[in-house]
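Here's a quick tour of a protein model, going from the overall picture down to a single residue. Have the structure open as you read.

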Amino acid sequence: MAVVFEKTNMLTDAPFHYCPGCTHGVIHRLAAEVVEEMGLQEKAVGVAPVGCAVFAYRYFNCDMFEAAHGRAPAVATGVKRARPDACVFTYQGDGDLASIGTAEIVHAAHRGEKITTIFVNNAIYGMTGGQMAPTTLVGQKTSTSPYGRDKDWCGAPIRMSEMLATIEGAAFIERVALNNNANIVKAKKAIRKAFECQMAGKGFSMVEVLSTCPTNWGMNPVEAMKWLEENMIPYYPLGNFREVQ
């Protein structure tokens with residue numbers, strides 16, 4: 001029988017622990033496919049901190065490091081400087097990267113560290129109970145903002161891609177979403193460009209992926225996808241924000 005589809009060798013056979021409707025698994029698959037297609041599996045080193053992706057080392061079939069909350073870019077910097085030939089990536093959520101890890105990601109970009117960050121933005125803290133994150137939208141209800149995020153009290157949601165795109169050391173910054181097949185294809189292309197940027201030695205690269213969190217949003221997967229399209233994409237527009245040729 002002809003084989004028409006195979007699972008990428010960059011993923012192990014371990015079943016994902018993610019909630020139904022969560023798109024972490026899709027992002028894992030895209031990143032893994034890109035690494036395999038680029039022939040970088042033997043050079044790949046991943047870094048995952050605390051958060052929903054805390055068990056990423058079970059899923060990616062390459063060397064993996066576990067970092068303290070928010071510190072993945074610092075660990076990745078050490079790995080890349082020790083092994084310049086390696087393909088080093090961090091896999092971080094918004095509560096991790098845009099909150100406790102803001103300093104690490106900003107300065108990694110500022111130094112032009114030749115690493116790639118996959119930034120999963122679902123506008124909420126997932127693993128720890130659905131608290132308000134720096135990316136939570138104004139009016140969005142969470143366990144710590146039961147009446148909705150108040151802009152006057154908490155400030156506006158932070159747009160990380162736009163901010164990092166202003167930094168000279170950033171070589172590739174793009175925001176994508178997983179709300180339909182066409183955007184999933186675009187997301188994979190962006191991830192590939194980010195890895196190509198790293199391996200060409202151009203500087204820091206990041207792909208921000210708009211994702212859903214049906215469990216903590218209190219929605220079913222279909223409702224969550226619609227909410228992403230109608231609320232997140234208008235505030236977090238998709239597209240490329242910086243690409244050094």
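Let's begin with the surface: the protein chain has about 11,000 Å² of accessible area, and carbon and sulfur atoms account for 55% of that. Keep in mind that this is a predicted model.

As for the overall build, the protein chain contains 10 helices and seven strands. Buried residues make up 51% of the 245. Of the contacts between residues at least 6 apart in sequence, 67% link residues at least 24 apart. On the charge side, there are 23 positive and 24 negative side chains, and the centres of the two sets sit 3 Å apart.

Now zoom in on N240, which is part of strand β7, residues 239-243. Is N240 buried or partly exposed? With a relative accessibility of 37%, N240 counts as partly exposed. Leaving aside residues up to four places away in sequence, N240 touches F172, I173 and E174. S161 lies 79 residues from N240 in sequence, yet their C-alpha atoms are 8.9 Å apart.

| From | To | Distance |
|---|---|---|
| N240 side chain | E174 side chain | 3.3 Å |
| N240 side chain | R242 backbone nitrogen | 3.3 Å |

Key: Residues numbered from 1 in each chain as written. Predicted model: local features only at pLDDT ≥ 70, side-chain atom pairs only at ≥ 80, totals over all residues. Heavy atoms only, no water. Helix = DSSP H or I, 4+ residues; strand = E, 2+ residues; numbered from the N terminus. Buried < 20%, exposed > 50% of the residue type's maximum accessible area, 1.4 Å probe, protein only. Contact = heavy atoms within 4.5 Å. Areas by Shrake-Rupley, 256 points an atom, 1.4 Å probe, with all protein chains shown as cover. Lys, Arg positive; Asp, Glu negative; His and termini not counted. Charge placed at Lys NZ, Arg CZ, Asp CG, Glu CD. Polar contact = N/O pair within 3.5 Å; in protein donor to acceptor, adjacent residues only side chain to side chain.
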